[in-house]
Amino acid sequence: MQKKKGQAALEFLMTYGWAILIVLVILASLFFLGVFNSKTTNVCQIPAPFICQDVKAGSGGINIILSAQNINTARVNNIKVNSQTCTDFQGSNIINNNRKTEIRCVGINLDKKERFNAEINIIYTSNIGNLEHNVKGSASGTSEEFNLVINGGFEEGVGLGFTPNGWTAGIQSDENVKEGMYSLKFSAPTDVFQSTSNLIKVDPNKQYRYEYDIKVNVTVPRFYIEYVCYDINKNPPPCPSGNGLGSCYGQSLKQYNSNFEGRETLDLTNLVTTCPNAAYLLLDYEWWNSIGGDSGTTWTDNVKFIQV
């Protein structure tokens, strides 16, 4: 009798043990395939006469694509994201009539894959009665990697041979393109200094990652990748020596003395040391040496500056 009971217990454990093992394997496979991933689709809604076409938010900011019809003037007054009020617009907060408009607001903090809810407040006048109106829209989704550089792919602008939107020098080029249609071509001695035309909102206590594709042809060195710190009033630090941006208050991240081609990733982990009072950064490229005569050409593409 004891032997039969032991055999029955063993058969029971074997049968249900295999069943439990199969269930665990299936669950593990489903997790691996992302079936239980709770990522929420990004959506946005706003009353007429506006249309919200797309939204993206991440650590550092929120980006909203809007269009409108039958308006005289319209501006985004503020955006509230997960109880954080965002009023620092990177670029313009003006919405154009009958045109798609990109609104970027920076200075918010979201964790990776954090769900967000946003409230968009717009003040506008119609082209019918010209009275001022207020309208509120909403957006929601899951936070993603957010690039703090405007037009880091150099796709926006007049076209070949012209300086791309969001940058101060160089030209859109179809040479050495890594993504999209254009790269940024920057040649010395014609172009000695070039930067983003919009300041980037930063927190010196946070860490950032700077990525870019680059090809450098150096004839006379040197070529620098730099950043400049600005205070809360968007003023740069004093430059008493007057020796130029690179040697006076630009912080060098990378120096190229010879030819190079590849993708670079630079970590900014010491902002609290180099720029303890920084509220903004300006990213810049510069040909410079102490005796002058800089000569060479660089192409860069797919530029990203990301809070990590």
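Which residue does a disulfide join to Cys44? Select Cys52: in this predicted model, its sulfur lies 2.1 Å from that of Cys44. The link is left-handed, with -100° about the S-S bond, and both Cys44 and Cys52 are buried.

Next, select Cys86 and Cys105, which are joined by a disulfide with an S to S distance of 2.1 Å. This link is left-handed, at -115° about the S-S bond. Cys86 sits in strand 5 (residues 84-86) and Cys105 in strand 7 (residues 101-106), 19 residues apart. Both Cys86 and Cys105 are buried.

Move on to Cys229 and Cys275, where the S to S distance is 1.5 Å. The link of Cys229 and Cys275 is right-handed, with 60° about the S-S bond. Cys229 belongs to strand 15, while Cys275 is in the loop between helix 3 (271-274) and strand 18, 46 residues apart. Cys229 counts as buried because its relative accessibility is 9%; Cys275, at 5%, is buried as well. The count of disulfides comes to three.

Now select Tyr210, Phe223, Ile225, Tyr285 and Phe305, the residues with the most contacts inside the largest nonpolar core, which has 34 residues. Strands that each supply at least two residues of this core include strand 11 (183-188), strand 15 (223-230) and strand 19 (295-307). Strand 14 gives the largest share, six residues.

Centre on Tyr285 and show its contacts: among them are Trp167, Leu184, Phe186, Tyr210, Phe223 and Val303.

Finally, select Ala74, Ile79, Tyr124 and Ala139, which are among the 29 residues of another core, apart from the largest one.

Key:
Residues numbered from 1 in each chain as written. Predicted model: local features only at pLDDT ≥ 70, side-chain atom pairs only at ≥ 80, totals over all residues. Heavy atoms only, no water. Core = buried A, V, L, I, M, F, W, Y, C linked by side-chain atoms within 4.5 Å. Buried < 20%, exposed > 50% of the residue type's maximum accessible area, 1.4 Å probe, protein only. Helix = DSSP H or I, 4+ residues; strand = E, 2+ residues; numbered from the N terminus. Contact = heavy atoms within 4.5 Å. Disulfide = S-S within 2.5 Å. Lists of a residue's contacts leave out its neighbours within four places in sequence.
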